[in-house]
Amino acid sequence: MRTAYSVETVRTAERALMARLPDGALMQRAAAGLAAASADLLGGVYGRRVVLLVGSGDNGGDALYAGARLARRGAGVAAVLLAPDRTHPGGLAALRRAGGTLARPDAADRLIDRADLVIDGIVGIGGKGGLRPDAVPPAERAARSGAVVVAVDLPSGVEADSGEVRGAAVRADLTVTFGTHKPGLLVDPAREYAGTVRLVDIGLGPELPAEPELEALQHADVAALLPRPAVESDKYRRGVVGIAAGSARYPGAAVLAVSGALRGGAGAVRYVGPAGHAVIARFPETLVSDQGPHKAGRVQAWVVGPGAGDDVATVSEVLDADVPVLLDADGLRLADREAVRARTAPTLMTPHAGEAAALLGVAREQVEAARLAAARELAARYRATVLLKGSTTLIVDPDGGPARVNPTGTPWLATAGSGDVLSGLGGSLLAAGLSARDAGSVAAYLHGLAGRLAAEGAPIGAHDVSDTIPRAWRDVRRTRPDARGR
């Protein structure tokens, strides 16, 4: 599992570690990792031209010390000093001793145009509000150049804790981060600026608290959460999920939600709604009812909303059920907030940015610019777990704790009906007994992985994603040391 910590937590941990180390040792560890990552990216150092964009503070010091290491290995290193009066003195002296040269900002364009590598050491992890005006021209020049751009700890101009980008920012090909990930490296829009992220161990781990701000599951974590039928399992023990979805206008939403539930391992699926004939034609194993949720039969979880139109009565009836409920699409719009807040069984809401914006009463752009804050606010308002879909899908509990970010998403999932498949998949995991947080996390992970596997560079539809979920499931399970789970 990848974990990310807030700036305040990282700084507290760094102070504790530095108190036990010789002066400057922590910066030297960071600089060594930065220099090694830069050399790997270049494929060789001797004769390469490197430009350091150096601001004030420790990030500038990291860049200078790394530049000195590269210079000693034969690179031509020039440092553009964006804050000459506040440049890290030790790093500056080290670069000079190694044969590096210094330049003022007015020489940046010429140097960057000839560079093989540009190292961004402008602003540290505490930066807010985008780049200062004097730092914008060299950052933009680096983006237009043919040089590879490496960010120190975090691309300058993005906000470490929130993932927000409130102004101009460096766009990196590689970000070398130290000690731990920062939330902005995992959450869009900042993640888009980070490029590939490489974590350098500087010994910070023992100083960090057990609970991070953000976490991203990986194959082994998901494999440990996947439900597995036991020897004595029957369809009820595996989990029966109810799907209240579809309408005369959108019968396909019902079919796709049912497909996601079946591919997600449900022991049985009960469908309630007007699209029963379409569902049975595609999935004859589905148990179909037209008598409403209360008379559908026993279920361990409900999914309500995909393609439901204006069926307020069905949404209300599902919310009255004393089992976990997944609210999606029209269900989000039709659900009474107080009814959701009053529920005692878990509720998982799965909006995209536009739906979240409508529920919060803000513009979609505001949600997309501050995804983590929006997800947390929505979870608090509804007292529900929120899965905010998008380029980085976030899962947030109403009672706090680490937010989760899904790392498997792909733009190929931006296709009609993909969210309906995700809803059914999430519902099946709720019915199997996973918590709303775990069900949302595992569903997002498998859904994203299935999208990647189904696409493999070619256009796909929602049905392709659904059909590939079993393959994604198998890929994840292969990470277990023993296929029998022992």
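1. Ground rules. The model is predicted: local features need pLDDT of at least 70, side-chain atom pairs count only at pLDDT 80 or more, and totals for chains, interfaces and linings use all residues. Residues are numbered from 1 along each chain as its sequence is written, and side-chain values use heavy atoms, with hydrogens and water left out.

2. The parallel sheet. Seven strands make an open sheet with parallel pairing, in the order S4-S3-S2-S5-S6-S7-S8. Strands (E, at least two residues) and helices (H or I, at least four) are DSSP runs, numbered from the N terminus. Two strands pair if DSSP finds at least two bridges between them. Strand S4 (101-103) and strand S8 (196-200) are the edges; each has a single partner strand, so one side of each lacks a neighbour in the sheet. From one strand to the next, the twist averages 20°. Axes here are lines fitted to C-alpha atoms, for helices over the stretch in contact, and angles run from 0 to 180 degrees between N-to-C directions.

3. Pairing around S3. Strand S3 (residues 76-81) pairs with S4 in the parallel sense, over three bridges. Val-80 has Ala-103 in S4 as its bridge partner. S2 and S3 also run parallel, joined by six bridges. Val-50 stands opposite Val-77 in S3, and Leu-52 has Ala-79 as its bridge partner there.

4. Cover on these strands. Strand S2 (residues 49-54) is mostly covered, with five of its six residues buried. S3 is mostly covered too: five of its six residues are buried. Buried means under 20% relative accessible area, exposed over 50%, and partly exposed in between (1.4 Å probe, protein chains only).

5. Contact means heavy atoms within 4.5 Å.

6. The mixed sheet. Eleven strands form an open sheet with mixed pairing, ordered S1-S9-S18-S17-S16-S15-S14-S13-S10-S11-S12. S1 and strand S12 (287-289) stand at the edges with a single partner strand each, so one side of each has no neighbour in the sheet. The twist averages 20° from one strand to the next. Strand S16 (residues 385-388) and strand S17 (residues 394-396) run antiparallel, joined by three bridges. Leu-388 stands opposite Leu-394 in S17. Helix H10 (residues 251-263) lies across strand S10 (240-244) and strand S11 (268-272), at about 165° to S11.

7. The cavity. How many cavities of 30 Å³ or more does a search of the whole structure find? It finds one. The largest cavity has a volume of about 50 Å³. Strand S9 (214-216), strand S18 (403-405) and helix H19 (436-455) each give two or more residues to its lining. Among the lining residues are Glu-215, Ile-395, Arg-404, Asn-406, Ser-441 and Tyr-445. By class, the lining has six nonpolar, two polar and two charged residues. On a 1 Å grid over the protein atoms alone, a cavity is a set of points where a 1.4 Å probe fits but cannot get out; lining residues have an atom within 4 Å of a point. Grid points are joined across faces, edges and corners, and a volume is the space filled by probe spheres set on the points. Ala, Val, Leu, Ile, Met, Phe, Trp, Tyr, Cys and Pro count as nonpolar, Asp, Glu, Lys and Arg as charged, and the others, Gly among them, as polar.

8. Met-1 lies in the segment before strand S1 (2-4). Met-1 is partly exposed, at 41% relative accessible area. Leaving aside neighbours within four places in sequence, Met-1 contacts Glu-215, Ala-216, Leu-217, Gln-218 and Asp-221.

9. Backbone points to check. Asp-188 and Pro-189 are joined by a cis peptide bond, with omega about 10°. Pro-189 sits in the loop between S7 and helix H7 (190-194). Ala-329 has a positive phi, near 50°, in a residue other than glycine. Is Ala-329 buried or exposed? Ala-329 is buried, with a relative accessible area of 18%. Arg-383 also has phi near 50°, but at 53% relative accessibility Arg-383 counts as exposed. Arg-383 is in the loop between helix H17 (371-382) and S16.

Terms used. 1 Å grid on protein atoms, 1.4 Å probe; cavity = no way out; pocket = protein on both sides within 12 Å on 5 of 7 lines; lining within 4 Å.
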